[in-house]
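These are my notebook entries on a structure I looked through today.

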Amino acid sequence: MKWFLVAVGVLSCALVACGDDGAEETRTLGNARLVVADSDAKKVMVTDGDTILLQLDDVQMNDHAGFIAGEDGRVLFIDENAGALVVLKPLTDPPAVIERVTIPVPAVHLAVDSGFRYAVTSAYVDGDDASARITVVDLASYAVSTVTVASGEAGILVGSEPPVVYVRDGSEAGKINAHAVSDLLAGETAPAATVTIGAYPHGDVIAHREGMLFVASDAGLERVSFSGTSFGTVSSVPWDASGRTGGRAYFARLSAAGDQLFSYIRNDFYPEERPWTQWENDIYAYDIASGAATRIPVGGGLVYRCAVGEGVALYAHMSPAGDSALIVDAQPGSATRNRVVATIALPAMSEAAGENDSPWETPAFRITALTPDGKTGFVSAGADGQVHIIDVAKRNIKKTLTLPTALRFGGYLIAVQPSAELVDTVGR
């Protein structure tokens, strides 16, 4: 069943409508646009950095599944409120939702194949933590097929040609199951192959060029080679690196060059109880070709999901000493590759977590994004309804965007540009 949406709250600025060749240069974001989701307020907005061009109401974007932007300008995300995969075109004038496809929720993950033909989602099954609903959406026809497979929290990666869905089971008995898309469309739920990995895997990357899956687990960074529905070598890289020990990663992004992955390692000393201000945080970078891992100590507090763009990665560090945006050099061949090359102080959030508070339950939180070209970064200020826009080259905040919602818990962000290459095909 397809749902069609009449966009509400559409605002367009004269610069967008006039068609002037020089208009792009006068916009804060040039040819880019920023999609901002405020799941707490159930709104999704598209902005050019100066004007809200589109506001969708009663839309609760699933930030765990994240956004995916295709090279054709379509952006995918899951609306938990309506139980739908939303297809948004933020680069059109005006921006518009072009499709809503009904899918099962509560959703867990979202991924696409490298050709942007199929979107695959996973969802929990009520009362059954050993099963997951896997939905395949044909992005050409928007036809939908859903099956239930055996899996704990189901991570999704889509690779190979013809396409194969790799379902990562996030339970203690960590494993990855391979399902040909053709099998799923035919209602076949038995995996064609299974491989065992470390316990409690969480956080997935697929490197299409190398034919490798990467998954963060208790044991380390799991590396699994694949070809179609067959798995090859399996190995694990310990989290200890660069003389740093303790903690593990729960998240990963593939670099814009597709040659390495970025994550963060948090050592909260679990099961000991320590205030979040004493947690240890490291930026983590792994080079796919060499197998070398790098940990960069950041300090106490909390580092959460990072963003990647051409030649750069961006992190937000929430700390009792003051919050900051961290710019990491990701340029291949650079002398400062995988180093923090800039620390940009961020204005304090008005409802920032105190030492005895939980940062996970405090409305003041930060989320990052980068334009695909790596030139402009974004860091949200939860509960203050703001997004700080960062000039990566000048290494400063060039503007603070104030939104019509409070952006409690930091919201979620994606920056899009025309014809940006699709490299990381897992929703973030």
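I began with contacts, where a contact means heavy atoms within 4.5 Å, and I noted that residues 24 or more positions apart account for 48% of the contacts in the chain with a separation of 6 or more.

Before going on I wrote down that this is a predicted model, in which local features need pLDDT of at least 70 and side-chain atom pairs count only at pLDDT 80 or more, while totals for chains, interfaces and linings use all residues. Residues are numbered from 1 along each chain as its sequence is written, and side-chain values use heavy atoms, with hydrogens and water left out.

Next I looked up the secondary structure, taking helices (H or I, at least four residues) and strands (E, at least two) as DSSP runs numbered from the N terminus, and I found three helices and 34 strands in the chain. The radius of gyration, taken over C-alpha atoms, is compared with a globule rule of 2.2 Å times the number of residues to the power 0.38. For this chain the radius is 21 Å, close to the 22 Å that the rule gives for 428 residues, so the chain is as compact as a globular protein of that length. Along its principal axes, the C-alpha trace spans about 55 × 50 × 45 Å.

For burial I used relative accessible area, with buried under 20%, exposed over 50% and partly exposed in between (1.4 Å probe, protein chains only), and by this rule 57% of the 428 residues count as buried.

Then I turned to salt bridges, each being a side-chain nitrogen of Lys or Arg within 4 Å of a carboxyl oxygen of Asp or Glu, and the search of the whole structure finds 17 of them. One of them joins the side chains of Arg253 and Asp424 at 3.3 Å, N to O. Arg253 lies in strand β21 (residues 253–254) and Asp424 in the segment after β34 (412–416), so this pair ties together parts that are 171 residues apart in sequence. Both Arg253 and Asp424 are buried.

I also checked Asp323 and Arg366, whose closest N and O atoms are 2.9 Å apart in a salt bridge. Asp323 counts as buried at 12% relative accessibility, and Arg366 counts as buried at 2%.

My last entry is the salt bridge between Arg274 and Glu272 (3.6 Å, N to O), where Arg274 is partly exposed with a relative accessible area of 35% and Glu272 is partly exposed with 48%.
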